[in-house]
Structures are given as structure tokens and as C-alpha cells.
Amino acid sequence: LDFDDTVEVRIGSKKHKIHTGIFINGQFVKSVSGKTFPTINASNGEVIAQVQEGDKADIDAAVRAARKAYETVWEKTEGAQRAKYLWKLADLMERDLEFLAGLEALDNGKTQANAAAGDLPLAIGCLRYYSGWCDKIEGKTFMDTHSYMNYTRHEPIGLVGQIIPWNFPILMFAWKIGPALACGNVTVIKPSEKTPLTALALAALIKEAGIPDGVVNVVPGYGPTAGSALAEHPDVHKIAFTGSGRTGRAIMQSSAKSNLKKISLELGGKSPAIVFDDANIESAVNWCKVGIFFNHGQTCCASSRVYVHEAIYDKFLVAYKKVAESIKLGDQFDPATEQGPQVDEVQFNSIMRYIDHGVQEGAKLVTGGKRHGTSGYFVEPTIFADVKEDAKIMQEEIFGPVVAVTTFKSEEEIIKRANASTYGLAAAVFTKDINRAIRVSNALHAGTVWVNCYNVFHQNTPFGGFKESGIGRELGEYALELYTQVKSVKINL
Ligand code: NAD
């Protein structure tokens, strides 16, 4: 190949060569159309690199490569060998951890320190966890008859399409390819057009790990072109998607129009945190800080609605204001920075519009509400208090560092209010009363309930949504169901 897709970029204080090509069949290639698209550094709006823009023709080529890899190599690759590949990939990510965390920070705007301490270790842990599953995908035998022998096989789906968002680009990549490869599938994965760079860096490590060509293909590009071509492709038998509900619906429609793909969806949320009057206020305040301000509020399960018992409301708000104002915004490569810029101008403008709505709807602005600095897409950590239940900022996902706080009187009342949402991704309960903690956790309509904590993830614990927050569960043993299909074999004895 005569195409060198690498370009040199500055990450923090160091220069690195990074990939910008489409990764198909183990090679970085140009887009068929010859088009490229820019990806920007959100702290100053400058273009980091031009990336090859995949669309339908490139998705077709990636699907052909994946299909061939499945039929010629991967279908016959033993689980123990797949385990070695995943473990090797995790080792290489660990070796390159600082570089990957820096590239993630550059492309996404999150801090390098957070990416190095959070996103990368979680992604590596996820790959190692699924490495362990590769040779343990088991069926059952049924002993209910003497005339027939029945057993089940959990077989791979084959060729899966995976579409991921921009808020945790490396982590979402690992959550998708880990269980897919462990279960014996091949994949075409489309990263977000806002953050394509780390997926391409991981593609280079996939090659280095010796994973056979075509088993993982990475096609950067836009949703309505590359994404929908993948969702509509007749040779793709499953789509695993993480992103907004609107796109989730579009993917279900694409699938219905073509070949009725299996679909799993991880979507948005408007997750409530409920702070009872017996809670440890300081601890609850700190977890509610993590809940909404971690990753600049760009977290699907962010605790964007906080309900505080009226007896401790004023005290809670004073402390919450203090922690929000203590958050240091700035350069994502400065180790002292806690919050970098939002991912891009579109997200920034959308968040600022929600803040305007909050003010117009009469909520009390406790702190924040403004742009931070004069360049880059920084939003001050923002707290609104006394927010009405029907206010836009209480109902809709903002996906930024903006939290709506209000009071409640009784357990019965707050369970109803917390559940009165079309979403059901996560929730939290803060109390010292174990009976109440369990009672309220059981009553909440959410895929994850955190008690006296927030945003705590482990690769062995399932994650996904009730209601419009999604279909299916990622992580843990549960994700194996997303990437296998059960066959019953019945033998006449
Ligand atoms: P998005 O839906 O705009 O984009 C997600 C991905 O889908 C991107 O790769 C995009 O290119 C692609 N896409 C867009 N239109 C498409 C189409 N018509 N067909 C196929 N693909 C298409 O979402 P986003 O802005 O990247 O992410 C933010 C949203 O994702 C929020 O709503 C957030 O809550 C949600 N999210 C959920 C989880 C979770 O695990 N539940 C995790 C992260 C983000």
C-alpha cells in the first residue's frame, strides 16, 4: 500500500504519530470517496487532524473483509486462542496507557489524568474480563427424556456492527469488542465523528496483538452515512449501539427495513439521586458532585436530578455550591485540572440553551451558568435549585455540567416523582437506613441503583436501561447474551 495515514500531533508536551485512515482487513486505507473530515481540540477549536471519512462504500468493504475473516479464520479459532488475543490487546493498551489517555484527552476534551486513572483501566479490565470468558461459553444438556438427547449450543451471531458515542471513546470500544470477540464474532465498529482518533490507535494495537486481519474493522464517519449504512447492511446480523434515543430509533427502523437485525441499545437518561434526611450530607454531596460533574456531565447515567429531603435541603445546597465552585476548569493536560472543555461547539451551545431555559423557567441559579474563559467550550459547573418538576431542565437530558435540585417530603412521594420519567438508566439513594435503601432501590425504575455512591462501575456488573434508556445489558455475564444465539439440538436415541 502506498498510503501513509499517520500524521504528527502534539499531545500535551510530546509529539506523537497517530493514524487517520480507515482500518479494513488489517490495513489503514483511504476512503473510497477520497473525502476526509476534521476532528478538533475542544479547548481551542483547532483542527487536530483530517480523518478519512467512511461512508457506504467503505462500510461495504469492511463488511466484506469481516465476513471473509469469519468464514476463513475466526469461526475456527479456539476460545483459548481468542482469550490470548484479548489479553494481549489489554497488555498493549497498558503499555501505551499514557499515550492513549493523552490522545483521548486531546480528541474528547476530558482530562488526561481522568482518562489515565479511569477510562483506560476500566477498558483494560473489561478486555481481560472477557478474555476469561472466551473458553467458557457453555450450553446445557437436558435429562428429561430417555428417548431423546437435548443440548444447547451458544453460537456466535457472526458479523456484528457496533456504533459508539464520543463521551467515552476508548471505554465504549472495549465494552463493545470485548464480549463480541469473546463470543466468537467479527465486527465492524464505527466510532463517533467527534472522537475518531483513539479507535484508530486501538486498531493499530489490534494489528500488533496479532488478531487476524478483518476480525475487527474500524470505519470512522458520520452517523447518517457510515452509521446508517452499517445499520442497514443485509450481511450484518446484529447492531450494538450506544448513543441517543433518537439514533436508537433510527437504527431500529433501518434494521426493520432490511434484515431484522438483533439490536441492543444503550441510550440516555435523566437519573435521579435521592438524598434522605438521615444521609451523611458531606458524603452525599461529594457523590452528587461525581454524579453530575464527572466527565463534564457528558455521562449517560449522570445524576442530573437531585432530590433532597426538605429537612436538610438548605444545608445540602450550601455544601453542594461549595464543591461545584471548587472544581478547577482548564487545560486537559494540566494534572490539576478537574474539568476540561465540552466536546465541541454543538454540545456547548446546546448546554447554554438549557441554562437559558432554566433561568427563564424561574429556577434559582445557585452557581455557574456561564461560559468559562474566552476560548474553548468550557461551561461552569452549574446548579439550579427549586426546579419545578415539569421544567425542561428537570425533564430532558442536558449532557453537560448542569444539575437540577429540588426538595421532597416523603418516601412514597419521591419514588413516584423519581419514576415519572421516560428514562430509566440509573438512580441513587442516600440514607443510613438499610431497610429504606433496599425498599427504595427495589421500587425505582432504573437499570442501576447506587446506594451511598455514584458512577461506580465494575466489568462484572451489568449495565443498561429500563424504559427508553435501552434494550439489553452490557458488561458481566449478561453481555454474552447480546453476542450469542442459542441452538437446541435434539437427538433421537
Ligand atoms: P448520537 O446518537 O448522536 O451518536 C452516537 C453514534 O451514533 C455516533 O457514532 C453517530 O455517528 C452515530 N449515528 C448518528 N446518527 C446515526 C444514524 N442515523 N444511524 C446510525 N448511526 C448514527 O449520540 P452522541 O451524541 O454521540 O452521544 C450522546 C448520547 O449517547 C446521549 O444521549 C447519552 O446519554 C448517550 N449515551 C448512552 C450511554 C449508555 O451506556 N447508555 C453511554 C454513552 C452515551
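Predicted model: local features only at pLDDT ≥ 70, side-chain atom pairs only at ≥ 80, totals over all residues.

## Glu 266

The unreviewed UniProt entry carries an "active site" annotation on Glu 266. This residue lies in strand β13, which covers residues 262-266. Is Glu 266 buried or exposed? Glu 266 counts as buried, because 28 C-beta neighbours lie inside 10 Å and the threshold for burial is 20 or more.

Leaving aside residues up to four places away in sequence, Glu 266 touches Thr 242, Cys 300, Gly 464, Gly 465, Gly 470 and Glu 474.

## Overall fold

The protein chain has 14 helices and 24 strands. Its radius of gyration is 23 Å, close to the 23 Å that the globule rule gives for 493 residues, so the chain is as compact as a globular protein of that length. The C-alpha trace spans about 70 × 65 × 40 Å along its principal axes.

Buried residues make up 52% of the 493 in the protein chain. Contacts with a separation of 6 or more were also counted, and 71% of them join residues 24 or more positions apart.

Strands of a sheet pair through backbone hydrogen bonds, either parallel or antiparallel. Which sense do β5 and β6 adopt? Strand β5, residues 36-41, runs antiparallel to strand β6, residues 46-52. Six bridges join the two strands. Within this pairing, Thr 39 has Ala 49 in β6 as its bridge partner.

The two strands, β5 and β6, form a hairpin with four residues between them. Gly 45 sits in the turn and has a positive phi of about 75°.

## The three-stranded sheet

Another set of strands builds an open sheet in the order β7-β8-β24. There are three strands, and the pairing is antiparallel. The edges are β7, residues 141-142, and β24, residues 484-492, each of which pairs on one side only.

Two bridges link β7 to strand β8, residues 148-156, in the antiparallel sense. Phe 142 stands opposite Asn 150 in β8.

## Gln 112

Gln 112 is found in helix α4, which covers residues 112-133. Why does Gln 112 count as buried? The reason is that 24 other C-beta atoms lie within 10 Å of Gln 112, and burial needs 20 or more.

Where sequence neighbours up to four places away are set aside, Gln 112 touches Gly 12, Ala 101, Gly 102, Ala 105, Gln 332 and Phe 333. Thr 6 lies 106 residues from Gln 112 in sequence. The two are 22 Å apart in space, C-alpha to C-alpha.

Key
Residues numbered from 1 in each chain as written. Rg over C-alpha atoms; globule rule 2.2 N^0.38 Å. Buried ≥ 20, exposed ≤ 12 C-beta atoms within 10 Å, placed from the backbone. Contact = placed C-beta atoms within 7 Å. UniProt positions renumbered as here; feature names shortened; annotations may be inferred. Pairing = 2+ DSSP bridges.
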